[in-house]
Amino acid sequence: MPPDPDDGVYLSPSVTIARDALTLDAAGAPITMPTGVPTSKAVEFTNWDAEMVSHVSADAPSLSPAELGRLRVEVLRRLVALPPDDSDPSDGIKAGLFNLAAESLRTVSALAAENAKPTVLWNEELDPAAFLGRTLLLADHVAMPDEVFQSLLRRASNRTLRRSAERQLAVRGLLAAGLVIPVPNGAAMAVGGSAAVKRTDDDLNDQALVSWVREQLILEGPTAREVLFVRAVDDLSRHADKFWFHGHIDQESVKSGDGRFATKMLQPYDSNYDYGPWIKQVSDSAVSYYVQRTNERVVAADVYGTEYVSASMFEARLLARRSGGRTVGAAQAAVWADVPQLTSLAAPDLAKVLTNEDAVEDLRRQVRASLVTARTPGEQVDALTELAHDLESSSYKLEKMVFSDRIWQGAVPGGLGAASLLVGTVSGGIPAIAAGSFGLLAGVAPFLGARASRKREAAYLFVTARRMRRR
């Protein structure tokens, strides 16, 4: 093992963890005995989350998504001006973030209650700009966990709260337009946590499903410091792999008789020790974690009245295998389709693309039409991949056509109109000037009409996206 850096500890020769991440509360941590099989655990939420749910249930008017978005951007701008120190945020900041999260819940709840419900998708894995692009702009709104509020609940300092705000502010254009709405994840667990645990218990009683999940796990270790890394095949997470420490009970500490004892971790690997039982215990814990994580995401989407869309192939297979299976919607199929151009746009550019409402609606119409005859998830993915590539091909033709139209329909009729205007000026005075002007407008009108019509086509979105990437 390399020597540990000042601010971290090596878990393996290539992975370090910050020293302050290993700090436990002075009161200690609870110990649960292994059951020998995968089991669910209690969901996590705070008293703030529970209070917010009752706070939001009051019959109060909600902000529109755009109003809420502009308010959030203003709050985030104030947060990034916080001093980069380790002091606690002021009570005013805490109250402000609590009220902002409550307003977000009201807005999402109002969207779910609308008669003509907009399409609201829930995702916890992808950057929102990438998610919008990969779902072929099908979402009117994307709901996602509020990282800033979650950071506050973890007793964030000014420094960590500022960093969370900076990351969220990177998609300010999408936030300000109301396209992306961060909401507190804990509030969903305060409402539907029992349902998530029930779903997890049902899944863990399905031995075929448990065996399949266990087969998808990749376990690496124990490392030289008795750490076991676990990940699932084809899983997609914005966070690092899960890892478990092997703990050694300090025998001297047990003699205190007060029910507490000390545990030593990050000890040197012992080649004579049988790590088999511990590895089995970690495997059980990992199976439980991945199954419950998926169920909590689905329940959170249900609580907020949104459609859950997974970007992870592992999670998609898990949802398909669980009892009853799961219907694949257009947005879910689009995530797995090969969609060029739209998936690589940065948030500011994507916000500009989405202002072309006519072209976006044309794209959605073509997506729905392409799925009419697709029956299986595979057929849906193939149909949307084919549509995306057809639109990409059409966009190149459209781009050339627009360039050609700009030359021939703009220059030639405009020139003739200008000539008639000049002749009219010489020979007929003001009446002739007016006649010449009408001739000019008549010459340019077909060009303007054709150009406006093409901008309303779905393929024009790909033209716009390509131009932005070239800048």
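Me: Which residue does Asp 234 meet in a salt bridge?
Reply: A salt bridge here is a side-chain nitrogen of Lys or Arg within 4 Å of a carboxyl oxygen of Asp or Glu. Side chains of opposite charge can pair when their charged atoms come close. For Asp 234, the N to O distance is 3.1 Å, and the partner is Arg 317.

Me: How many residues apart in sequence are the parts that this pair ties together?
Reply: Helices (H or I, at least four residues) and strands (E, at least two) are DSSP runs, numbered from the N terminus. Asp 234 sits in the loop between strand 7 and strand 8 (242-245), while Arg 317 belongs to helix 12 (residues 313-321), so the pair ties together parts whose separation is 83 residues.

Me: Before we go on, what kind of model is this, and what pLDDT do local features need?
Reply: Residues are numbered from 1 along each chain as its sequence is written, and side-chain values use heavy atoms, leaving out hydrogens and water. This is a predicted model, in which totals for chains, interfaces and linings use all residues, side-chain atom pairs count only at pLDDT 80 or more, and local features need pLDDT of at least 70.

Me: Is Asp 234 buried, partly exposed or exposed, and what is its relative accessibility?
Reply: Buried means under 20% relative accessible area, exposed over 50%, and partly exposed in between (1.4 Å probe, protein chains only). Asp 234 counts as partly exposed because its relative accessibility is 43%.

Me: Which residue forms a salt bridge with Arg 297, and in which helix does that partner lie?
Reply: The closest N and O atoms of Arg 297 and its partner Glu 315 are 3.1 Å apart. The pair links distant parts of the chain, 18 residues apart, with Arg 297 in helix 11 (residues 276-303). Both residues are buried. The partner is Glu 315, and its helix is helix 12.

Me: How far apart are the closest N and O atoms of Arg 365 and Asp 362?
Reply: These two residues both lie in helix 15, three residues apart, about one turn of the helix. Asp 362 is buried, with a relative accessible area of 14%, whereas Arg 365 is partly exposed at 45%. Their salt bridge has its closest N and O atoms at 2.6 Å.

Me: How many salt bridges does a search of the whole structure find?
Reply: Some share partners: Glu 124, Glu 125, Asp 235, Arg 293, Arg 297 and Glu 315 are joined into one network. For the whole structure, the search gives 22.

Me: Where is Leu 136, and what is its phi?
Reply: Leu 136 lies in the loop between helix 4 (128-134) and strand 4 (141-145). Leu 136 is buried, with a relative accessible area of 1%. Its phi is positive although the residue is not glycine, with a value near 55 degrees.

Me: Is Arg 155 buried or exposed, and what is its relative accessible area?
Reply: Arg 155 is placed in the loop between helix 5 (147-153) and helix 6 (158-169). Its phi is also positive, near 60 degrees. Arg 155 counts as exposed because its relative accessible area is 73%.
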